[in-house]
Amino acid sequence: MYRARLTLTTALVCLTHALSGQSVYPTGTTRYDPAKALNSFVLFTGGDSIARLIDMNGTTVHEWRNAGDLTTLIDPRLTGGKLGHVLVTLSMVDIPGTDLVPGVTGRAAQSIGELDWEGNTVWTFGAKAPDKLAYQHHDWDRLPNGNTLVLANTVHPIKGFTQPRLLDDVIYEVNPAGDVVWTWTAGDHLEEFGFTAEQLPLIRNSDSADYLHVNSMRLVGRNHWFTAGDERFRPDNVIISSRNANVVAIIDRKTGKVVWTLGPNYASAPPSDRRVPRPLDR
């Protein structure tokens with residue numbers, strides 16, 4: 001009986017400790033197995049607006065101190081062989097009246113830019129953006145022609161939606177002079193994503209203004225599907241993913257049409273065949 005009470009007491013103490021949560025956390029590299037990990041570098045931006053390049057032991061080997069929220073390394077093949085160029089958020093701005101999504105403030109990227117290894121700004125976008133506001137979020141991509149694809153937001157009404165204004169996703173192609181030379185707006189292509197007739201009204205009547213929330217965007221790049229003759233996979237087409245809509249889509253750069261999707265719906269599988277990935281709808 002005594003042993004049972006002791007075991008129960010020990011279990012309660014362990015449960016209480018687990019529920020209380022951890023209050024002290026390790027810092028720096030906590031595990032590095034060179035035999036299993038690629039010996040490389042990691043680039044990230046912290047909350048102090050400093051972009052850091054660290055090695056696998058967590059040692060900072062370089063900093064870009066005037067970086068903002070996001071940082072991406074540019075392939076040296078696209079900078080004339082110059083190493084250490086990064087795309088960064090340069091400045092943020094508060095936008096009164098654009099708190100469209102509950103819990104999300106009206107704070108947006110005012111300008112973005114390219115920094116060299118020394119931290120000098122060699123390219124910017126924002127001053128020539130609509131409303132002089134880059135409104136960039138989540139992703140960007142330097143193109144082989146020297147232009148830059150910028151994933152951004154735009155705030156506007158969309159016909160057929162209950163919300164008076166939507167936080168729509170837009171893609172800009174920006175040239176080295178900071179001019180927008182191509183624009184794609186998601187709201188113009190809603191019926192091309194593969195939503196059913198029953199789903200479209202649910203999207204249009206949603207109480208969330210952030211109806212798609214696209215959070216990645218890149219060129220498709222070289223691939224064997226295009227080599228085999230599938231024009232949808234042209235290397236200069238754009239592939240995006242939408243978190244809220246559960247869809248990955250390829251955009252034809254020539255027409256702006258959505259020409260391929262993964263999701264938003266999947267064919268149901270019998271219980272005996274619940275494999276991942278499952279058979280897709282397209």
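Q: Where is Asn265 placed, and why is Asn265 called partly exposed?
A: Asn265 is found in the segment after strand S15 (258–262). Strands are DSSP runs of E with at least two residues, helices are runs of H or I with at least four, and both are numbered from the N terminus. The term buried means under 20% relative accessible area, exposed means over 50%, and partly exposed lies in between (1.4 Å probe, protein chains only). The relative accessibility of Asn265 is 21%, and therefore Asn265 counts as partly exposed.
The model is predicted: local features need pLDDT of at least 70, side-chain atom pairs count only at pLDDT 80 or more, and totals for chains, interfaces and linings use all residues. Residues are numbered from 1 along each chain as its sequence is written, and side-chain values use heavy atoms, with hydrogens and water left out.

Q: What makes the link between the side chains of Asn265 and Gln199 a polar contact?
A: A polar contact is a pair of N or O atoms within 3.5 Å; within protein, one must be able to donate a hydrogen and the other to accept it, and residues adjacent in sequence count only if both atoms are side-chain atoms. The side chains of Asn265 and Gln199 are joined at 2.7 Å, and this value therefore falls within the limit of 3.5 Å.

Q: Which peptide bond is cis?
A: The bond from Gly263 to Pro264 is cis, with omega near 5 degrees. Pro264 belongs to the segment after S15. Most peptide bonds are trans.

Q: What is said of the phi angle of Asn246, and why is Asn246 called partly exposed?
A: Phi of Asn246 is near 60 degrees, a positive value in a residue other than glycine. Asn246 sits in the loop between S13 and S14. Its relative accessible area is 41%, so Asn246 is partly exposed. The C-alpha atoms of Asn246 and Asn265 are 8.0 Å apart, although 19 residues separate the two along the chain.

Q: Where does His138 lie, and why is His138 called partly exposed?
A: His138 is part of strand S8. With a relative accessible area of 42%, His138 is therefore partly exposed. Its phi is positive, about 70 degrees, although His138 is not a glycine.

Q: Why are S8 and S11 called edge strands?
A: The open sheet has four strands in the order S8-S9-S10-S11, with antiparallel pairing. Strand S8 (136–142) and S11 each pair on one side only.

Q: How many bridges join S5 and S6?
A: S5 and S6 pair over eight bridges in the antiparallel sense, with Asp94 opposite Arg107 in S6. These strands belong to an open sheet of four strands in the order S4-S5-S6-S7. S4 and strand S5 (residues 86–94) are joined by three bridges, and Thr71 stands opposite Val88 in S5. Strand S6 (residues 107–115) pairs with S7 over four bridges.

Q: What makes a set of residues a nonpolar core, and how many residues has the largest one?
A: A nonpolar core is a set of buried Ala, Val, Leu, Ile, Met, Phe, Trp, Tyr and Cys residues joined through side-chain atoms within 4.5 Å. The largest has 28 residues; those with the most contacts inside it include Leu149, Ile171 and Trp184. Another core, of 17 residues, lies apart from it, with Ala129 and Leu167 among its members.

Q: Which residues are in contact with Ile171?
A: Contact means heavy atoms within 4.5 Å. Leaving aside neighbours within four places in sequence, the partners of Ile171 include Leu149, Trp184, Met217, Val238 and Ile251.

Conventions:
Two strands pair if DSSP finds at least two bridges between them.
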